[in-house]
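Hi everyone, thanks for coming. Let me put the structure up on the screen, and then we can walk through it together.

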Amino acid sequence: MAIKKLIFGLSGIGLTSGLSYYFFKNKNEKKFTYEEVSKHNSIDKKVWVTYKKDVYDITKFIQYHPGGKDKIMLAGGKDLEPYWNIYRQHLNDNIINTILLPLKIGSLSDYEHNKYLNTTDPYISDPKRNDLLKFHNLTPCNSEVPSNYLLDNWITPNDFWYIRNHNPVPIVDIDKFKLNINFQKNIFSLSIKEIKKLKNTKLISTIQCGGNRRSGLNKLDKTSGTTWDIGAISNAEWNGVLLKEVLNNLGFTSEKINDNNIKHIHFEGIDGVKSSIPIEKVINNRGDVLLAFEMNGDTLPEDHGFPLRVIVPGHVGIRNIKWLKNITLSDKEADGPWQKEIAYKGIPHYIKNLNEINLDDIPPIQETPIQSCITDINLLEISDKDKYIEIRGFAYSGGGRGINRVDVSIDDGKTWRIAELKEGSNQEYNRAWAWTFWELKIHITEIKKKRLKVICKAIDSSYNIQPDKIEHAWNIRGLNNNSWHRIDSHINDKTFGLKHI
Ligand code: HEM
Ligand SMILES: Nc1nc2c(c(=O)[nH]1)N[C@H]1C(S)=C(S)[C@@H](COP(=O)(O)O)O[C@H]1N2
Ligand SMILES: [Mo]
């Protein structure tokens with residue numbers, strides 16, 4: 001079987017494996033019992049799993065699992081169904097037919113159809129959501145802001161925020177809830193009431209998922225993960241307490257942090273999602289890491305982390321842990337798929353086979369790179385003669401870097417114009433935690449061709465630029481796509497409307 005191609009590609013798995021599978025199926029299907037399968041539950045003894053009536057050897061796939069090694073090992077020697085009923089993003093053709101099927105080694109002789117029938121739905125209590133969002137998945141919820149809504153509000157209303165959950169939304173009893181701050185053997189616990197008593201600070205910060213614009217990369221070659229368009233990004237005013245002050249109150253001054261060799265700070269949500277950032281970001285007077293309990297003046301919504309979430313302004317989405325339960329001060333980075341494995345690491349564009357690199361050599365994504373997108377292209381008719389093409393969008397960079405400039409082309413990059421920077425363009429230097437909106441109006445008489453090949457690219461306050469070629473932004477996990485954003489449009493003669501191609 002074309003196992004190698006299968007595993008290391010996570011892409012481009014094709015006909016060969018499928019064909020050899022059918023050939024193999026017809027020839028001699030091996031039979032196993034549940035009992036035999038259960039013995040294969042470690043890398044040494046090989047990792048076998050069952051799915052419905054079939055048996056699979058998933059040993060070689062384990063290190064490439066986007067959900068992490070620990071999670072997939074839970075199913076070692078067992079059936080996938082109970083796990084996949086929780087993580088239902090697996091129930092799709094790509095995973096079942098393209099990844100799992102070629103790993104088949106036989107089938108069960110004692111298959112019981114009802115053995116793993118799971119009657120409880122872990123997503124049953126997930127909150128109600130806005131139908132106007134674009135849903136990629138509901139179990140767990142992954143939904144983005146449709147591009148035509150993105151610029152309606154510089155501060156995204158709570159029910160228009162993108163949602164990126166890895167698990168069911170945790171149900172929290174606020175009276176029992178405590179945040180634990182762990183250092184060596186000490187645990188400091190704080191209730192929400194105690195946290196709220198500290199000095200409240202408001203902060204406007206944009207959050208963007210590392211996978212935003214993944215669908216653009218998929219046009220080049222397959223990647224793995226939710227196929228976000230440009231809307232896995234939103235902006236809010238958060239109210240909370242600065243983490244630096246919480247730590248100071250507990251005696252963790254800059255000196256104590258230095259003396260104790262604390263280098264990283266870990267955040268863990270009630271749902272088990274965890275990640276870490278360098279401690280420097282927290283103790284820096286201009287780092288602005290916030291423990292937020294309010295979003296746009298309301299209690300933090302369930303989907304966005306009720307009752308407490310950490311806001312790490314300027315850093316990629318995954319560092320902004322929701323339903324925050326544990327904070328740990330450490331000399332090391334956090335463990336787990338979102339920090340140490342491939343989930344949020346930027347793999348080089350020329351690596352298609354993860355075997356060629358050592359993941360430990362690749363740092364996880366922290367500050368997000370310079371980004372800009374075109375959200376709409378409209379025809380503005382001020383009078384019969386006064387007609388403009390109006391192009392609008394957003395730009396955003398990590399690390400508090402503001403936007404110096406946005407360049408727009410309507411002729412595929414032959415000529416360029418400077419867009420006008422709108423909301424967000426006046427943020428404090430190196431503290432521009434929120435996105436910047438931009439627009440460009442071009443008088444219709446200046447438009448020579450019906451076909452508009454629109455491109456935008458932004459430059460941040462450190463003069464960082466976006467890669468022009470999507471090939472250079474592509475990576476196997478589909479993260480950090482910040483290549484020039486392009487939309488082809490066509491001016492219709494009769495209706496004078498614009499059709500996006
Ligand atoms: C052979 C078995 C498995 C295969 C082929 C597989 C494959 C995958 C793939 C391709 C993804 C990326 C999907 C996406 O984001 O669209 C994924 C994500 C994930 N998997 Fe699995 N998986 C397997 C078993 C498991 C098991 C047993 C668990 C849990 C116990 C699990 C937990 C997860 C989680 C939590 C994610 C989400 C990670 C994230 O969104 O960052 N997987 N898996
Ligand atoms: N506990 C927890 N925190 C989390 C996540 C999660 O699934 N669980 N998702 C992360 C990811 S990948 C992103 S992009 C953002 C999404 O935040 P939002 O759903 O409020 O838009 O939260 C991050 N924090
Ligand atoms: Mo994300």
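Which element gives the largest share of the shell around ligand 1? Helix H6 does, with 3 residues. Before going on, some housekeeping: this is a predicted model, where local features need pLDDT of at least 70, side-chain atom pairs count only at pLDDT 80 or more, and totals for chains, interfaces and linings use all residues. Residues are numbered from 1 along each chain as its sequence is written, chains are lettered from A and ligands numbered from 1 in the order in which they are written, and side-chain values use heavy atoms, with hydrogens and water left out.

Let's stay with the ligand. There are 24 residues around ligand 1, and those that come nearest are His 65, Lys 71, His 90, Arg 164 and His 166. Being near, here, means that a heavy atom of the residue lies within 4 Å of the molecule. By class, the shell has 14 nonpolar, 7 polar and 3 charged residues. Nonpolar covers Ala, Val, Leu, Ile, Met, Phe, Trp, Tyr, Cys and Pro, charged covers Asp, Glu, Lys and Arg, and the others, Gly among them, are polar.

Now some distances. His 65 has a polar side-chain atom 2.8 Å from a nitrogen atom of ligand 1, and a polar side-chain atom of His 90 also lies 2.8 Å from a nitrogen atom of the ligand. For Arg 164, an N or O atom in the side chain is 3.1 Å from an oxygen atom of ligand 1.

On to salt bridges, meaning a side-chain nitrogen of Lys or Arg within 4 Å of a carboxyl oxygen of Asp or Glu. How many are there by this rule? The count comes to 25. One of them joins Glu 81 and Lys 52, with the closest N and O atoms 3.2 Å apart. Glu 81 is in helix H5, while Lys 52 is in the loop between strands S3 and S4, 29 residues apart. Helices (H or I, at least four residues) and strands (E, at least two) are DSSP runs, numbered from the N terminus.

Another pair is Lys 441 and Glu 439, whose closest N and O atoms are 3.0 Å apart. Are these two buried or exposed? Lys 441 is partly exposed, at 41% relative accessible area, whereas Glu 439 is buried, at 12%. Buried means under 20% relative accessible area, exposed over 50%, and partly exposed in between, using a 1.4 Å probe and protein chains only.

Last one: Glu 29, Lys 53, Asp 54 and Lys 104 are linked in a network of salt bridges.

Conventions. A polar contact is a pair of N or O atoms within 3.5 Å; within protein, one must be able to donate a hydrogen and the other to accept it, and residues adjacent in sequence count only if both atoms are side-chain atoms.
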